[in-house]
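Notebook open, viewer open. I'm jotting down what I look up as I go.

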Amino acid sequence: MSFAKQLAQYDNAAVHLAINSKTTVDVERALAKDKLDLDDFQALISPAAEGYIEEMAQRSMRLTQQRFGKTQQFYIPLYLSNMCSNICDYCGFSMGNKIRRLTLDMEELEAELDAIKQLGFDHILLVTGESERKVGMDYFRLVMPKIKARFSHVSMEVQPLDQAEYEELISLGLDAVMVYQETYNRHRYAEVHPKGRKRNFDYRLATPERLGDAGIRKMGIGALIGLDEWRSDCFYVAAHLQYLERKYWKSKFSISFPRLRPCEGGFQPKSVMSDKQLVQLICAYRLFNPDVELSLSTRESEHFRNHAIPLGITSMSAFSSTQPGGYADTSEKALEQFEISDDRRPEVVAEAVTNAGYQVVWKDWDRALG
Ligand code: SF4
C-alpha cells in the first residue's frame with residue numbers, strides 16, 4: 001500500500017481531535033514505554049504533554065547520546081537558483097514576487113564552492129526554486145560532478161523528480177534528498193499552492209517512495225510548520241516516517257521542522273508554534289524514533305539553537321545564505337527566500353557546540369569508505 005492510501009484513511013478532523021483529547025494518563029503511558037507507537041506520539045505532541053517537557057527532554061537527550069554520541073553534524077545550503085515557476089503563497093521565491101532572478105553559471109558556482117570550502121564545510125545541501133526549464137536535469141548534470149569533486153556529502157532540496165532521474169543523480173554522487181510535503185492536509189495544500197506543478201499533491205507525496213525505489217542513501221521529510229494546524233501535520237510526518245522506514249529499511253531518514261518565517265509577500269502562518277512547543281516536538285520525534293536524524297536550520301535564533309543542541313538535534317546548518325551567490329558576494333540582499341535568524345559565522349556556532357560539550361562533525365561520510 002502506498003503512503004497516499006494510508007494517508008487517505010485518516011480524517012483530518014478526527015486526527016486533530018484525537019491529539020487534543022489526549023490526557024496526562026496517555027502521556028504517562030507513552031513515557032513508560034520503550035517502543036512508542038503513533039498513538040503514543042500523538043500523546044507526546046498533545047497539549048496534555050506540555051507539563052512533561054522536562055522529562056521528555058531528559059529522555060530525548062539520553063537516547064540521542066546513546067545513538068549518535070555527543071556530536072552535531074554541520075552542513076551548509078548552497079542556493080543554486082531562485083528561479084521558480086510555482087506560486088506558493090508562503091515563499092519569497094514565488095513566481096509572482098518581483099525579485100531579481102539568478103541561476104549560478106559555472107564561474108559563479110566555482111566562486112561559491114571556493115567561498116564555502118574556506119568556511120570549512122564538507123557537507124553541502126543544494127537548493128533551487130522549482131523551475132524545470134532553468135534548473136532541471138540538464139543543469140544538475142552539469143553541476144553535480146563539479147560539486148561532488150569537492151564535497152564528500154551532497155544533498156539536494158529541489159523539485160521532486162522521477163525515479164530514473166534520481167537514479168542518474170545518485171550515479172553522479174548524490175547522497176541525500178530532502179523533500180518536505182509542506183502540509184499533509186490536501187485542502188490546505190491546494191489553497192497555498194495556487195499555481196504550478198507543485199500543486200500536484202500526490203506526486204510530491206510519493207517522492208520519498210520514488211527515492212527509496214531509486215536506492216537513495218538518505219532522505220529527509222517534514223512539514224512547514226504553521227501552514228496548517230501544526231500538531232496534525234507533525235503527526236502525519238511521524239506516520240510517513242514509520243511507513244518509509246518499514247519499506248525502505250536500507251535508507252536513512254532525517255526530519256526537519258522549519259517554522260514559517262517572514263518573507264517577501266507577507267504570508268501569515270495559520271498556526272503559530274512557540275519555542276516551548278518546538279522543544280516538545282523535537283523530543284517527541286526522538287522518543288518515537290531513536291534513529292532518525294533531527295535537523296535544525298538557521299531559521300531558528302541563536303538563543304534557541306544553543307539551547308537545542310543537547311535535546312535531540314543531530315545536524316545543524318550554519319552561516320546560511322538563502323540567496324544564490326551569497327557566499328562569494330555578501331553585498332547583494334535582494335534575492336532571499338526567507339530571513340534567517342542565526343547569522344553567526346560557522347566557527348562561532350562551532351564554538352557554541354563545543355562549549356556545550358559536543359563535537360562538531362564536518363565530515364561523516366565518504367562513499368569510498370562504504
Ligand atoms: S516553496 Fe519552492 S516551489 Fe514554492 S515558490 Fe518557493 S521555491 Fe518555488
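Is Glu-182 buried or exposed? I looked this up before anything else, keeping in mind that I'm working on a predicted model. Glu-182 has a relative accessible area of 10%, so I log it as buried; the cut-off for that class is under 20%. I find Glu-182 in the loop between strand S4 (176-178) and helix H9 (186-192).

**Another positive phi**

I checked Phe-319, which also isn't a glycine and has a positive phi of about 60°. Phe-319 sits in the loop that runs between strand S8 (315-317) and helix H15 (346-355). With 21% relative accessibility, Phe-319 goes down as partly exposed.

**Overall picture**

I then zoomed out. The protein has 15 helices and 9 strands. I get a C-alpha trace spanning about 60 × 45 × 40 Å along the principal axes. Is the radius of gyration what a compact globule would give, or something else? For 370 residues the rule gives a value near 21 Å and the protein has 20 Å, so the two agree. I also note that 59% of the 370 residues count as buried. On contacts, I took those between residues at least 6 apart in sequence: 75% of them join residues at least 24 apart.

**Helix H13**

How many of the 14 residues of H13 are buried? I count 12, so this helix is largely enclosed by the rest of the structure. The buried ones include Gln-277, Gln-280, Cys-283, Tyr-285 and Arg-286. H13 covers residues 275-288, and from its first C-alpha to its last it reaches 20 Å, close to the 20 Å expected at 1.5 Å a residue.

**Ligand shell and cysteines**

I see 11 residues around it, and the closest are Cys-84, Asn-86, Cys-88, Cys-91 and Lys-198. By class, the shell splits into 5 nonpolar, 4 polar and 2 charged residues. Cys-88 comes out at 7% relative accessibility, so I mark it as buried.

With those cysteines on screen, I asked how many disulfides the structure holds. The answer is 0. Cys-234, for one, is in no disulfide, and the nearest cysteine sulfur, that of Cys-283, is 13 Å away. Cys-234 has 2% relative accessibility, so it counts as buried.

**Two residues and their contacts**

Where does Met-61 lie? I place it in helix H5 (residues 53-68). Its relative accessible area is 24%, so Met-61 is partly exposed. Leaving out residues up to four places away in sequence, I have Met-61 touching Pro-310, Leu-311 and Tyr-358. I also took the C-alpha separation between Met-61 and Ile-313: 9.0 Å, for a pair 252 residues apart along the chain.

Glu-157 was my last stop, and I find it in strand S3 (residues 153-157). At 26% relative accessible area, Glu-157 is partly exposed. With residues up to four places away again left out, Glu-157 touches Leu-125, Leu-126, Val-127, Thr-128, Met-178 and Tyr-180. For Glu-157 and Gln-66, 91 residues apart along the chain, I get 29 Å between the C-alpha atoms.

Terms used. Residues are numbered from 1 along each chain as its sequence is written. This is a predicted model: local features need pLDDT of at least 70, side-chain atom pairs count only at pLDDT 80 or more; totals for chains, interfaces and linings use all residues. Side-chain values use heavy atoms; hydrogens and water are left out. Helices (H or I, at least four residues) and strands (E, at least two) are DSSP runs, numbered from the N terminus. The expected span of a helix is 1.5 Å times one less than its number of residues. Buried means under 20% relative accessible area, exposed over 50%, partly exposed in between (1.4 Å probe, protein chains only). A residue is near a molecule or strand if one of its heavy atoms lies within 4 Å of it. Ala, Val, Leu, Ile, Met, Phe, Trp, Tyr, Cys and Pro count as nonpolar, Asp, Glu, Lys and Arg as charged, and the others, Gly among them, as polar. A disulfide is a pair of cysteine sulfur atoms within 2.5 Å. The radius of gyration is taken over C-alpha atoms; the globule rule is 2.2 Å times the number of residues to the power 0.38. Contact means heavy atoms within 4.5 Å.
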